[in-house]
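The following questions and answers concern the structure shown below. Each answer sets a value against its definition and draws the conclusion.

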Amino acid sequence: MHTLTDLDAIKSRFIAARGYWRPWTEAMLRANPAFLSYYADYAGYPAKTGPLTPRMVELVYVALDASATHLYAAGLETHLRMALAAGASEADVFDVLHLLTLQGVNAVLQAADVLHDAAPAVPLPPQDPLCQRIHALWPEQAASLLRLAAQDPGYVGVLLDFVEDGAPAGGLSQTERLLVRIALHASFTQGDQTGLRALITHALTQGVTRAEILQVIQLGAHLAVHGASLGATVYTKVLADAIGAEGKADAQGKAGAAA
């Protein structure tokens, strides 16, 4: 059990575990110190006990906060600073941003599969260069990409151009890219189980360990605290507005009585 009466100690523990302190945490400290005390352990556990380096942990947080399904600028700034401090390069960061831009592709693939089921297209011959590129560049999604290519080979061609040539040189390793993609697909803000299953299966065949995959999956849960941060921030504003309105009413009442 934690000691919940020493607020300064709770604040220090939280900063040590999470690396930041903001107005919402200050509001939470006053209203519900137990939240911060136990959240520091809960949120800090996967970051500190898994096999990933601090650099990789922070790059995963950068991916999750910058994700089109989340777009949390405050967290992104915090974890971007921490990623750079942990040794991440500019190429690492922009490699992550490249991967983020591919988030929407899985939805296209799944929808195009539905269309293909309803109105099948003639498949491309296996010797077609586009088929070979699909298997080389995106093997875990080859079946869906081949069905999409049968319907619109031009789209798949430019997509693979972006996959192959849109990332910066000298960024993440192939394993790191797979882990970032798994984290994005596993996060509840995207929750793409179809794509996630294919990615995990492929990652395991490429030598990515169960422990690495589990760690990036667990890191994604902490995006939910941004709801608590929003709630605490808005509560503080509402309370301040109410106190301000009450004070204004008191002042007006005293002025009226004096008149």
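Q: How do you know that the length of H12 agrees with that of a helix of 13 residues?
A: Helices here are DSSP runs (H or I, at least four residues), numbered from the N terminus. The expected span is 1.5 Å times one less than the number of residues. For the 13 residues of H12 this gives 18 Å, and because the end C-alpha atoms are 18 Å apart, the two values agree. The model is a predicted one, in which local features need pLDDT of at least 70 and side-chain atom pairs count only at pLDDT 80 or more, while totals for chains, interfaces and linings use all residues. Residues are numbered from 1 along each chain as its sequence is written, and side-chain values use heavy atoms, with hydrogens and water left out.

Q: Which residues of H12 are buried, and what makes them lie on the same side of the helix?
A: Buried means under 20% relative accessible area and exposed over 50%, with partly exposed in between (1.4 Å probe, protein chains only). The buried residues of H12 are Gly 195, Leu 196, Ala 198, Leu 199, His 202 and Ala 203. They cover an arc, taken from the directions from the helix axis to the C-beta atoms, of only 165°, and therefore lie on the same side of H12. The face turned away from this buried side carries the exposed residues Thr 194, Arg 197 and Thr 205.

Q: Against which helices do the buried residues of H12 pack?
A: They pack against helix H7 (105–118), H11 and H13. Contact in this sense means heavy atoms within 4.5 Å.

Q: What makes Asp 192 a cap of H12?
A: A polar contact is a pair of N or O atoms within 3.5 Å; within protein, one must be able to donate a hydrogen and the other to accept it, and residues adjacent in sequence count only if both atoms are side-chain atoms. A side-chain oxygen of Asp 192 lies 3.4 Å from the backbone nitrogen of Thr 194, at the N-terminal end of H12. After H12 comes Gly 207, whose phi is positive, near 90°.

Q: Which residues of H1 are buried, and what arc do they cover?
A: Ile 10, Phe 14, Ala 17 and Arg 18 are the buried residues of H1. Their arc around the axis is only 75°, which means that they are on the same side of H1. On the other side, Asp 8 and Ala 16 are exposed. The buried residues pack against helix H2 (23–31), H3, H4 and helix H5 (73–85).

Q: What is found at the N-terminal end of H1, and what just after the helix?
A: Asp 6 caps the N-terminal end, with a side-chain oxygen 3.3 Å from the backbone nitrogen of Asp 8. Just after H1, Gly 19 takes a positive phi of about 85°.

Q: Why is Tyr 39 called buried?
A: Tyr 39 has a relative accessible area of 8%, and therefore counts as buried. This residue lies in helix H3 (residues 33–49). Leaving aside neighbours within four places in sequence, Tyr 39 is in contact with Phe 14, Arg 18, Tyr 20, Gly 44, His 222 and Val 225.

Q: Is Leu 71 buried or exposed?
A: Leu 71 has 62% relative accessibility, so this residue counts as exposed. Leu 71 is found in the loop between H4 and H5, and its phi is near 55°, a positive value in a residue other than glycine.

Q: Why is Ala 112 called buried?
A: Ala 112, found in helix H7, has a relative accessible area of 10% and is therefore buried. Leaving aside neighbours within four places in sequence, Ala 112 is in contact with Leu 148 and Gln 151.

Q: Which residues touch the most other members of the largest nonpolar core?
A: A nonpolar core is a set of buried Ala, Val, Leu, Ile, Met, Phe, Trp, Tyr and Cys residues joined through side-chain atoms within 4.5 Å. Of the 31 residues in the largest one, Leu 59, Val 96 and Val 180 touch the most other members. The largest share of this core, 9 residues, comes from H4.

Definitions and conventions
Helix = DSSP H or I, 4+ residues; strand = E, 2+ residues; numbered from the N terminus.
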